[in-house]
Amino acid sequence: MKFIDEATIKVYAGDGGNGVATFRREKYEPMGGPNGGDGGRGGSVIMLADRNINTLVDYRYTRTFKAQRGENGSGSDCYGKGGDDMVLRVPVGTTISDKATGQPMVDLNTDGQQVMIANGGKGGLGNIHFKTSTNRSPRQCTKGDPGEAFELYLELKVLADVGLLGMPNAGKSTFIRSVSAAKPKVADYPFTTLHPNLGVVRVDSNRSFVIADVPGLIEGAAEGAGLGHQFLRHLQRTSLLLHLVDIAPFDEAVDPVQEAKAIVNELKKYDQELYDKPRWLVLNKIDMLPDSAEKVAEFVQAYGWQGRVFAISAISGIGCKELTYAIMDHIDQARVQREADATVVQTAAQPDQAQPVQSQPVIEQ
Ligand SMILES: Nc1nc2c(ncn2[C@@H]2O[C@H](COP(=O)(O)OP(=O)(O)OP(=O)(O)O)[C@@H](O)[C@H]2O)c(=O)[nH]1
Ligand SMILES: [Mg+2]
């Protein structure tokens with residue numbers, strides 16, 4: 001199935017049904033009072049995150065969604081039936097924003113999470129509501145309110161703990177195949193991977209993380225070279241980036257240091273926040289180098305890299321286990337940190353219930 005990660009759709013909630021003005025007319029009661037019922041409520045549009053859906057492809061072709069209108073009221077005090085809600089299922093990880101203002105509306109990041117995005121209009125009032133002591137036969141009734149309508153921008157950002165960044169052919173898909181059960185296509189030509197693939201890496205029975213393999217990035221991606229850089233959105237939710245570099249390029253004219261720098265530059269152009277995320281250098285294909293330790297040291301020196309560095313062979317598995325354990329530790333720490341941050345936010349939001357100073361969590365900057 002085609003992988004689509006953005007779509008623009010129009011949603012219309014149903015209008016409320018109209019109230020009516022009718023009067024009771026029966027055999028011995030020719031002048032009965034008002035009995036016009038209210039209109040029914042219009043159906044609303046609801047967005048629901050469903051883990052069985054992986055792409056926004058359904059919203060590429062059908063772009064307009066209308067919930068049902070409420071029925072009009074009728075005589076004999078009959079209220080109109082409410083319109084059915086329309087439920088739109090989207091993949092978990094979809095963010096929704098108002099296309100007109102660019103304002104984010106909701107981030108559906110858990111399975112089963114749902115939100116009413118456009119509210120159905122209220123039904124109009126029938127003439128029974130307008131009866132007073134001085135006006136016993138009101139002819140007023142009101143129309144139903146219009147339902148809300150929005151043009152929405154849907155963007156899918158996959159949920160993963162770790163993202164892979166690198167040139168085409170760096171070995172990203174080979175790595176994810178070697179450490180997880182995911183089996184993305186691997187081939188010796190660039191841009192084999194055209195859309196993100198997720199793999200679950202299980203380091204022991206109850207510790208695991210999700211890794212995202214994305215297409216290769218090349219210099220000039222911001223200007224549209226290669227597959228462009230829009231797919232980098234799938235790295236935005238991760239807490240760690242692995243920058244995979246082919247340290248033994250087939251073509252001798254290729255300088256891996258220059259290429260690595262170019263990619264990081266593209267990352268920065270796409271999103272400063274992504275650039276600031278923790279990033280580790282992973283030098284791949286060391287099986288091709290008899291003097292790999294030396295080459296790795298040379299690379300790190302020439303690149304001027306200060307952070308963590310790993311040397312692996314994705315194809316033979318050398319160094320992969322150590323790398324996955326290090327990632328797991330990092331992710332565990334990141335989770336603890338997130339929980340601590342959440343506690344601080346909560347404490348700050350409730351100044352009246354401030355905790356004694358010594359029991360507040362310590363946050364490292
Ligand atoms: N010798 C060797 N070859 C590798 C290694 N890892 C990947 N390769 C080869 O490199 C080529 C590209 O691998 P992929 O995993 O498809 O690379 P990719 O980064 O996913 O590439 P794109 O999807 O095009 O961005 C394939 O021919 C792999 O067999 C490795 O550790 N050693
Ligand atoms: Mg690939």
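Aspartate 271 sits in the loop that links α3 (256–270) to α4 (272–276); helices here are DSSP runs of H or I with at least four residues, strands are runs of E with at least two, and both are numbered from the N terminus. This is a predicted model, in which local features need pLDDT of at least 70 and side-chain atom pairs count only at pLDDT 80 or more, while totals for chains, interfaces and linings use all residues. Residues are numbered from 1 along each chain as its sequence is written, and chains are lettered from A and ligands numbered from 1 in the order in which they are written.

Aspartate 271 counts as partly exposed, because 15 other C-beta atoms lie within 10 Å. The cut-offs behind that label: a residue is buried with 20 or more other C-beta atoms within 10 Å of its own, exposed with 12 or fewer, and partly exposed in between, the C-beta atoms being placed from the backbone. From aspartate 271 to lysine 321 there are 50 residues in sequence and 30 Å in space, C-alpha to C-alpha.

Now for the overall layout. The protein chain is assigned a domain 1 (1–156) and a domain 2 (162–339); bounds of this kind come from an automatic or database domain assignment. Taken over C-alpha atoms, the centres of domain 1 and domain 2 are 47 Å apart.

Next come the sheets. Strands of a sheet pair through backbone hydrogen bonds, either parallel or antiparallel. Here, two strands are said to pair if DSSP finds at least two bridges between them. One open sheet has five strands in the order β3-β1-β8-β5-β6, and its pairing is mixed. Its edge strands, each pairing on one side only, are β3 (64–66) and β6 (104–108). From one strand to the next, the twist averages 25°, with axes being lines fitted to C-alpha atoms (for helices over the stretch in contact) and angles running from 0 to 180 degrees between N-to-C directions. Within this sheet, β5 (residues 94–98) pairs with β6 in the antiparallel sense over four bridges, and serine 97 stands opposite proline 104 in β6.

The other open sheet has three strands, ordered β4-β2-β7, again with mixed pairing. At its edges lie β4 (86–90) and β7 (114–118), each of which pairs on one side only. Neighbouring strands of this sheet are turned by 30° against each other on average, direction ignored. Strand β2 (residues 45–49) runs parallel to β4, and the two pair over five bridges; methionine 47 has leucine 88 of β4 as its bridge partner. In a regular strand the side chains alternate between the two faces of the sheet.

The loop between β3 and β4 holds aspartate 77. Its phi is near 60°, a positive value in a residue other than glycine. Aspartate 77 counts as partly exposed, because it has 15 C-beta neighbours inside 10 Å.

On to ligand 1, which is surrounded by 24 residues, where a residue is near a molecule or strand if its C-beta atom, placed from the backbone, lies within 6 Å of it. The closest are Gly171, Ser173, Asp188, Thr193 and Gly216. By type, the shell splits into ten nonpolar, ten polar and four charged residues; Ala, Val, Leu, Ile, Met, Phe, Trp, Tyr, Cys and Pro count as nonpolar, Asp, Glu, Lys and Arg as charged, and the others, Gly among them, as polar.

Which helix gives the most to the shell around ligand 1? That is α2 (residues 172–179), with three residues. Seven of the eight residues of α2 are buried, so this helix is largely enclosed by the rest of the structure. Among the buried ones are Lys172, Phe175 and Arg177. Serine 173 also lies in α2, and it is buried because 25 other C-beta atoms lie within 10 Å.

An unreviewed UniProt entry lists Ser173 and Thr193 under "binding site"; UniProt positions are given in the numbering used here, feature names are shortened, and annotations may be inferred rather than shown by experiment. Although spread over 21 residues of sequence, these positions cluster in space, with a largest C-alpha distance of 7.6 Å.
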